[in-house]
Amino acid sequence: MIAVPNYISADEYLSIERQSPVRHEYRRGLVYAMAGGTDNHDRIALNLLTLINLHLGDSDCRFHSGNVKVNYQEEFYYYLDAFVTCDPRDRDDRYVKRHPKFIAEVLSPSTQAFELGAKFEDYCKLSSLEEYVLVFQDIQQVECRRRTAENTWETVVYNAGDSVVLQSLGLEFDMAELYRGLDG
C-alpha cells in the first residue's frame, strides 16, 4: 500500500473517493491506493461470501464485499473483503457502514503485515466487532480472532482438513469449501 503523502481530512477523502475510478482507503489523514488482487484472492473471497450469503438467507443481517467501506469516527475508512452487520443503523448509508459484527480479510503478501497488526488494532475500536477472520492465500489456514466477554481477544487457528467455525455468525464449514476452485 502506497500513501499519497499529504494530509487530508476525512470529508475531503470522501468527496474525492466518490468521484474516483480507483478505490482508496483512508487512515488518519493519509490516503492509500488499493492494489489489485490475484485470482486466488478473488476466488477465496467469493467462496467466503457465498457461504455467508447462503447461511444468512433472509435474516436482518447484511453481508458486504469490497465495494462498501467500514468507518470508525474520523480515523479510518477501509474496504474489506467481507463483513457482516446486523445493526439497523447501517442501513442509512449505502457507501459506509460503522457497526460490523464480523470482518474477514484474505491476506495478500503486500498487505499481510498491516492486516495482522495495525489494521486489527484499528478494528478493535469498533465496539460492535465480535470476530476478525484472516484467510491465508498460499496455505489452507484461517485465523479467527474473537472478542471475549472481558473485551480481550482470543485466537483460534484452523488448518487444512479442519472445520472452520465463525462464532459470530453461527456458521461452520469445511476448510475445503473455502479453498475450492483455486489455481496453482
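How much space lies in the largest pocket? About 520 Å³, with the volume taken as the space filled by probe spheres set on grid points joined across faces, edges and corners. A pocket here is an open set of points on a 1 Å grid over the protein atoms alone, where a 1.4 Å probe fits, with protein on both sides within 12 Å along at least five of seven lines; lining residues have an atom within 4 Å of a point.

Some housekeeping: this is a predicted model, where local features need pLDDT of at least 70 and side-chain atom pairs 80 or more, while totals for chains, interfaces and linings use all residues. Residues are numbered from 1 along each chain, and side-chain values use heavy atoms, leaving out hydrogens and water.

Back to the pocket: of its 27 lining residues, Arg 23, Met 34, Ala 35, His 41 and Asp 81 sit closest to the centre. Helix α2 gives the most to the lining, with five residues (helices are DSSP runs of H or I, at least four residues, and strands are E runs of at least two, numbered from the N terminus).

Buried is under 20% relative accessible area and exposed over 50%, partly exposed in between (1.4 Å probe, protein chains only).

Now take α1 (residues 10-19): its buried residues are Ala 10, Tyr 13, Leu 14 and Glu 17. They fall within an arc of 95 degrees seen down the axis, so they line one face; the arc uses directions from the helix axis to the C-beta atoms. On the other side, Asp 11 and Gln 19 are exposed.
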